[in-house]
Amino acid sequence: MAALPLPAFTADPGLAAAAVLAAKATVLLCAAAGGALLLRRRSAAARHLLWTVALAMLLVLPAFTLALPRWELPFVALPAAPASAGNAAPGVAGDGLAAMLLAVWAAGALVVLGRYAAALVGVRVITRRATVVRDGEWTDLVARLSRELGGVRPVRLLRAPGAAMPMTWGAFRATVLLPADAELWSGERRRVVLLHELAHVARRDCLSQLVATLACAAYWFHPLAWWAAWRMREEREQACDDRVLAAGTRASDYATHLLDVARTSRAPVLAAAAAVGMARRSQLEGRVVAVLDVARSRARVPWRAGAYCAAAGAAVLVPLAAAAPGRGEEPTPELASARVSVTPRAPAPAAAQPVAGGEELPERAVQVALASSGAPEFTVLQASVYRAAAAAPQPAAAVPAQEPTGTLAALIRAASDYDPV
């Protein structure tokens with residue numbers, strides 16, 4: 001089966017590497033989408049784990065591609081590299097295009113990372129304006145709910161001066177922010193809000209959010225990377241809702257609390273990329289439907305499932321990273337420099353003197369063949385055929401230079417009909 005050639009621009013090594021990496025990212029994300037489809041009847045926590053592993057694999061894919069041995073695919077081939085002697089200008093153009101694309105990629109990555117850095121600054125500003133909650137009623141509630149959820153690290157509880165959205169941030173040092181009117185909340189609302197935010201802490205959701213941000217920065221040009229990050233956020237919030245419902249909260253009551261919190265609070269725009277909010281309005285419709293769905297699975301993901309998912313991801317990542325398109329057929333040294341420029345000349349005059357056989361016949365025969373063809377370019381292969389024809393034994397009688405006969409004429413006609421393309 002013939003190999004499928006990649007586009008011609010991939011003859012440049014840098015552009016070829018970028019195109020192959022983008023293709024591998026597409027295959028990886030499509031495989032993750034297929035896995036999420038198979039898990040559609042499982043819990044949101046299982047699908048969130050799948051998307052998190054897929055985004056983490058995107059980050060290590062370039063390193064694995066460089067480190068693993070090359071495994072060439074027989075059905076995909078790169079185009080042959082242009083000859084260095086006769087195609088210097090296209091090589092320079094390819095280098096310029098590769099440098100321009102690298103600059104564009106770096107600019108896009110800096111925009112995404114700059115947005116995340118601005119969000120970190122916004123979180124720091126909120127932290128400075130907020131006050132630490134030391135009320136025993138709140139701290140005792142946090143300690144009790146942390147024991148119920150299990151695996152919750154120590155949490156710093158803050159109260160914002162305005163109507164801030166309840167949110168959590170800190171991949172390594174967890175902070176939970178409450179609005180100023182949280183003191184007026186009922187005991188049930190305090191419980192469900194803290195359960196949701198502490199579920200983020202227990203699940204290390206801020207760390208997975210950082211992984212998604214880095215993946216989107218590295219693959220900002222790839223729409224599937226953004227879609228995967230969006231799916232991960234959707235499943236993350238539903239997984240935390242499932243933890244609240246699994247703790248004994250009625251679905252209808254929890255849906256009411258979600259709507260009221262979203263209506264009375266607002267999420268700070270600057271800090272949104274670095275923090276995990278409880279009730280973003282763009283997610284409410286799908287979350288309320290999921291909360292009220294009694295047939296929905298709300299099971300937690302055990303650590304063994306996480307290990308299985310990581311092993312399955314490695315089984316996909318390793319061969320995918322090692323796979324590489326085959327190399328196009330390289331031209332032989334003679335053909336690589338085979339372009340011989342010949343200035344067309346006028347046909348030999350009719351009165352030209354015949355050339356006798358001997359030492360002058362080979363070179364003269366080549367000159368006559370080149371001049372009589374009138375073509376602007378000849379390959380070395382053609383020239384060698386002419387010389388072979390000239391070296392053939394000739395009759396003792398003089399042969400007209402403009403009309404070779406016998407073996408010489410046959411070989412010259414064969415060389416003239418040869419099409420190097």
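Two strands count as paired if DSSP finds at least two bridges between them. Keep that in mind as you work through these exercises on a predicted model.

**Exercise 1.** Work out how β3 and β4 pair, and find the bridge partner of V132 in β4.

*Solution.* Start with the bridges: β3 and β4 (residues 155–159) share 2 of them. The cut-off is at least two, so β3 and β4 pair, and they do so in the antiparallel sense. Next, look along β4 for the partner of V132, which is L158.

**Exercise 2.** Place the strands in their sheet and find which ones stand at the edges.

*Solution.* First write down the order of the 5 strands: β3-β4-β6-β5-β7, an open sheet with mixed pairing. Then check the ends: β3 (131–132) and β7 (275–277) each have a single partner strand, so one side of each lacks a neighbour in the sheet.

**Exercise 3.** Decide whether R250 is buried or exposed.

*Solution.* Locate R250 in the loop between α7 (223–246) and α8 (251–264). Its relative accessibility is 56%. Exposed means over 50%, so R250 counts as exposed. For its place in space, note that R250 and L292 are 42 residues apart in sequence, with 9.4 Å between their C-alpha atoms.

**Exercise 4.** Find which helix gives the most to the nonpolar surface patch.

*Solution.* List the members: L59, V60, F64, L113, L214 and V318, together about 400 Å² of accessible area. Helix α2 (residues 44–67) gives the most, with 3 residues. V60 lies in α2, and at 31% relative accessible area V60 is partly exposed.

Note on methods:
Residues are numbered from 1 along each chain as its sequence is written. This is a predicted model: local features need pLDDT of at least 70, side-chain atom pairs count only at pLDDT 80 or more; totals for chains, interfaces and linings use all residues. Side-chain values use heavy atoms; hydrogens and water are left out. Helices (H or I, at least four residues) and strands (E, at least two) are DSSP runs, numbered from the N terminus. Buried means under 20% relative accessible area, exposed over 50%, partly exposed in between (1.4 Å probe, protein chains only). Patches are made of residues with over 30% relative accessible area and no salt bridge: like charges are joined within 9 Å, nonpolar side chains (Val, Leu, Ile, Met, Phe, Trp, Tyr) within 5 Å. Accessible areas come from the Shrake-Rupley method with a 1.4 Å probe; for residues, only the protein chains shown count as cover. A salt bridge is a side-chain nitrogen of Lys or Arg within 4 Å of a carboxyl oxygen of Asp or Glu.
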